[in-house]
Amino acid sequence: MCRATSMATNLAVAVATTAVGCMLVISLAPSRPDTGKSGPAAGGAMAATSGHAGSAARAATSALGAATASAGPEEFASPTAGRIEVTAPEPGVDYRPNGSFAVAWNNSTGEEVDVWLRTATGHGRSQRVALVATRAGAGTTGEAFVTLPKVPPGPRYFLEVATAGDGAVSGFSRTFAITD
């Protein structure tokens, strides 16, 4: 676990403890491997506050600010921005297991995408069934030829086109049936 994440976790626990009534917040800095001693590294912060819960939260927040200020850009990646809109397959078409067809999309994220087969599980929920196309391109428009896996027949399948790896941005096709 990176140092900034470790410090943030320790501070979050301290603030959560303060919220339930504890009046002492101590943030322990990890030991420095070069000396074997505990304490903040250069530019680090250590906070101990007793008394009012609000002052403890302020101390923890300021210590967290010091920890994040020293973190490099690789530790805090910016979220993916943009939108993915699935334009094909058309609704109302039934497919067979192991059948193939084209899926198309518009992608303003600039990221490569993966295509997933999903099924609706009820109550507004769904689950991924299988990855049907991986790293399918990063262009503003895309298309992939997908082959469905062997799945049970059903009327509530659909495709998810999501940014590769993290799936931070997704677009969904209309539902379709898979028949025998």
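Analyst: Phe-158 is buried, with a relative accessible area of 10%; a residue is called buried under 20% relative accessible area, exposed over 50% and partly exposed in between, using a 1.4 Å probe and protein chains only. The model is predicted, so local features require pLDDT of at least 70 and side-chain atom pairs count only at pLDDT 80 or more, whereas totals for chains, interfaces and linings use all residues. Residues are numbered from 1 along each chain as its sequence is written, and side-chain values use heavy atoms, with hydrogens and water left out.

The setting comes first. The chain holds two helices and eleven strands, where helices (H or I, at least four residues) and strands (E, at least two) are DSSP runs numbered from the N terminus. Read from the N terminus, the order of elements is α-β-β-α-β-β-β-β-β-β-β-β-β. Of the 180 residues in the chain, 33% are buried. Contacts (heavy atoms within 4.5 Å) between residues at least 6 apart in sequence join residues at least 24 apart in 58% of cases. The accessible surface of the chain is about 10400 Å², and carbon and sulfur atoms account for 55% of this surface; such areas come from the Shrake-Rupley method with a 1.4 Å probe, and for residues only the protein chains shown count as cover.

The aromatic rings can now be considered. Four aromatic pairs are found in the whole structure; rings of Phe, Tyr and Trp (its six-membered ring) pair if their centres lie within 6.5 Å, and the planes count as stacked under 30 degrees apart, edge-to-face over 60 and tilted otherwise. One of these pairs is the edge-to-face arrangement of Tyr-95 and Phe-176, with 5.2 Å from centre to centre and 85 degrees between the planes. This pair connects distant parts of the chain, 81 residues apart: Tyr-95 belongs to strand 4 (residues 94–95) and Phe-176 to strand 11 (residues 176–178). Tyr-95 and Phe-176 are both buried. Phe-158 has its own partner: the rings of Phe-158 and Phe-172 have centres 5.9 Å apart and planes at 70 degrees, so this pair is edge-to-face. Here too distant parts of the chain are linked, with Phe-158 in strand 9 (residues 154–163) and Phe-172 in strand 10 (residues 170–172), 14 residues apart. Whereas Phe-158 is buried, Phe-172 counts as partly exposed because its relative accessibility is 44%. Ring pairs also gather Tyr-95, Phe-101 and Phe-176 into a cluster.

Strand 9, which carries Phe-158, is joined to strand 6 (residues 113–122) by seven bridges, and these strands run antiparallel; two strands pair if DSSP finds at least two bridges between them. Within this pairing, Leu-117 has Leu-159 of strand 9 as its bridge partner. Strand 6 also pairs with strand 7 (residues 125–133), again in the antiparallel sense and over seven bridges, with Ala-120 opposite Ser-126 in strand 7. Two residues separate strand 6 and strand 7 in a hairpin, and His-123 in the turn has a positive phi of about 55 degrees, although His-123 is not a glycine. His-123 counts as exposed because its relative accessibility is 83%. Arg-128 lies over the face of Trp-116, 4.2 Å from the ring centre; a charge sits over a ring if NZ of Lys or CZ of Arg is within 6 Å of the ring centre and within 35 degrees of the ring normal.

The loop between strand 8 and strand 9 contains Val-151, which counts as buried because its relative accessibility is 7%. Leaving aside residues up to four places away in sequence, Val-151 touches Pro-97, Leu-117, Val-129, Tyr-157 and Ile-178.

An open sheet of three strands has the order 3-5-8 with antiparallel pairing. Its edge strands, each pairing on one side only, are strand 3 (84–88) and strand 8 (141–147). Four bridges join strand 3 to strand 5 (residues 100–107), and Ile-84 has Asn-107 of strand 5 as its bridge partner. Ala-88 and Pro-89 are joined by a cis peptide bond with omega of about 20 degrees, and Pro-89 lies in the loop between strand 3 and strand 4.
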